[in-house]
Amino acid sequence: MPKRIMITEYPVEYAPFNPPERKCFYGFPENSDLPDSSIPSMHYHSSYQIGVCLSGNGVFLLEDDIYAVKAGDAVIIAPDVIHCSKSIKRSNCNWDFVYFDPFEMRNRYPELTMPGSCICTQESEGELNSLLRKIIQEGKSCREDYERLASLYFYTFSILSLRNNALPEKSSEAEFIKNADETDIYNIMPALKEIAFRFDESIAVNELAKICNLSESHFTRIFKKCTGMSPYNYTLKFRAKVGAALLKSTDKTVNEISECVGFKNTSDFYRQFTKYYSCSPMDYRKK
């Protein structure tokens, strides 16, 4: 049975994988739809997890940062990184995932520097995105030497990501979180997760404070110290971020996107989007 620990009210599971002996690459593509309602349990595992989004839109929470994802994006999740993901409501976010054993990779390539977790988009990290997609393709094909080729693609990805320093920069809020006091982060982490998976709902500050077992005033002070903004503004910025991903990856109207990301009316979405992206949603879509 998976081990379970608790971070406040949120279960965190260790999900074990048992690779065949002397195999770096294992686990044929696991096709799955991300959940679209309740918060799934956070989890981590001892392997690398590599995936490509086949359709739909969703969000990934990788420890201290949140990413909006769309069809064509690829993800690499390092061992022991606590993470979870979900679909945008009414958007079937479907993925293929495979796994790598870092210990066997280290035995095979002793000089290898293991890569960290990141989302690689086709637009911004095309070369790295292509390598992750090739790994998935090898898993699907099961052709001769597919495990060896997948391992070499992983090795190449590791070298290029290090040489080019091409991985996406952390968001400003993630930088605040990275430099924040560990105890403060621990105290507000339940609220960060709640916002990430209920961004399309209205959540009162006192509800977030209650989830963290803090008074509203104390919670608000710690939250701003850790993220650089109030819980309300943090939520609005995240909604705008997901809206930006939907503008680029779907044909949904601005009105539809506004509803998907939790704004009561389109004018509020326009105002907040322009605040964070310095252009209107329609102008952003044309870029």
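Let's start with asparagine 57, which is found in strand E6, residues 57-62. Strands here are DSSP runs of E with at least two residues, helices are runs of H or I with at least four, and both are numbered from the N terminus. Asparagine 57 has 5% relative accessibility, so it counts as buried. Buried means under 20% relative accessible area, exposed means over 50%, and partly exposed is in between, with a 1.4 Å probe and protein chains only.

A word on the source: this is a predicted model, where local features need pLDDT of at least 70, side-chain atom pairs count only at pLDDT 80 or more, and totals for chains, interfaces and linings use all residues. Residues are numbered from 1 along each chain as its sequence is written, and side-chain values use heavy atoms, with hydrogens and water left out.

Back to asparagine 57. What is it in contact with, leaving aside neighbours within four places in sequence? The list is Val69, Lys70, Ser87, Ile88, Ser91, Cys93, Ala245, Leu246, Ser249 and Thr250. Contact means heavy atoms within 4.5 Å. Lysine 86 is 29 residues from asparagine 57 in sequence, and their C-alpha atoms are 8.8 Å apart.

Next, cysteine 260. It lies in helix H9, residues 254-260. Its relative accessibility is 6%, so cysteine 260 counts as buried. Beyond four places in sequence, cysteine 260 is in contact with Ile88, Arg90, Phe199, Asp200, Leu246 and Lys252. Take phenylalanine 199 from that list. It is 61 residues from cysteine 260 along the chain, with 9.4 Å between the C-alpha atoms. Ile88 and Leu246 are among the contacts of asparagine 57, and they are among those of cysteine 260.

One more buried site. Glutamate 104 is in helix H1, residues 102-108. At 8% relative accessibility, glutamate 104 counts as buried. Not counting residues up to four places away, it touches Arg22, Lys23 and Cys24.

Now the chain as a whole. It has 11 helices and 11 strands. Of its 287 residues, 51% count as buried. Take contacts between residues at least 6 apart in sequence: 73% of them join residues at least 24 apart.

On to the aromatics. The whole structure holds 15 aromatic pairs. Rings of Phe, Tyr and Trp (its six-membered ring) pair if their centres lie within 6.5 Å; planes under 30 degrees apart are stacked, over 60 edge-to-face, and the rest tilted. Look at phenylalanine 25 and tyrosine 146. Their ring centres are 6.0 Å apart and their planes are at 80°, so this pair is edge-to-face. Phenylalanine 25 is in strand E3 (residues 25-33) and tyrosine 146 in helix H3 (residues 146-164), so the pair ties together parts that are 121 residues apart in sequence. Both residues are buried.

Phenylalanine 100 and phenylalanine 154 give a stacked pair, 4.7 Å centre to centre with 20° between the planes. Phenylalanine 100 sits in strand E10 (residues 94-100) and phenylalanine 154 in helix H3, so this pair ties together parts that are 54 residues apart in sequence. Phenylalanine 100 and phenylalanine 154 are both buried.

Which rings have a charge over them? The charged end of arginine 239 sits over the ring of phenylalanine 263, 5.6 Å from its centre. Lysine 248 places its charged end over the ring of tyrosine 284, 5.0 Å from the centre. The criterion is NZ of Lys or CZ of Arg within 6 Å of the ring centre and within 35 degrees of the ring normal.

Helix packing next. H5 (residues 182-197) and H7 (residues 216-227) pack at about 90°, with axes 10 Å apart. H5 and H7 are therefore roughly perpendicular. The contact between them divides into 9 nonpolar, 1 polar and 2 charged residues. From H5, Ile185 and Ile188 are among the residues that make the contact, and from H7, Phe219 and Ile222 are among them.

Last, backbone. Aspartate 80 has phi near 70°, a positive value in a residue other than glycine. It lies in the loop between strand E8 (74-77) and strand E9 (83-87). Aspartate 145 also has a positive phi, about 65°. Its loop runs between helix H2 (126-141) and H3. At 46% relative accessibility, aspartate 145 counts as partly exposed.

Methods: Axes are lines fitted to C-alpha atoms, for helices over the stretch in contact, and angles run from 0 to 180 degrees between N-to-C directions. Angles under 35 degrees count as roughly parallel, over 145 as roughly antiparallel, 65 to 115 as roughly perpendicular and the rest as oblique. Ala, Val, Leu, Ile, Met, Phe, Trp, Tyr, Cys and Pro count as nonpolar, Asp, Glu, Lys and Arg as charged, and the others, Gly among them, as polar.
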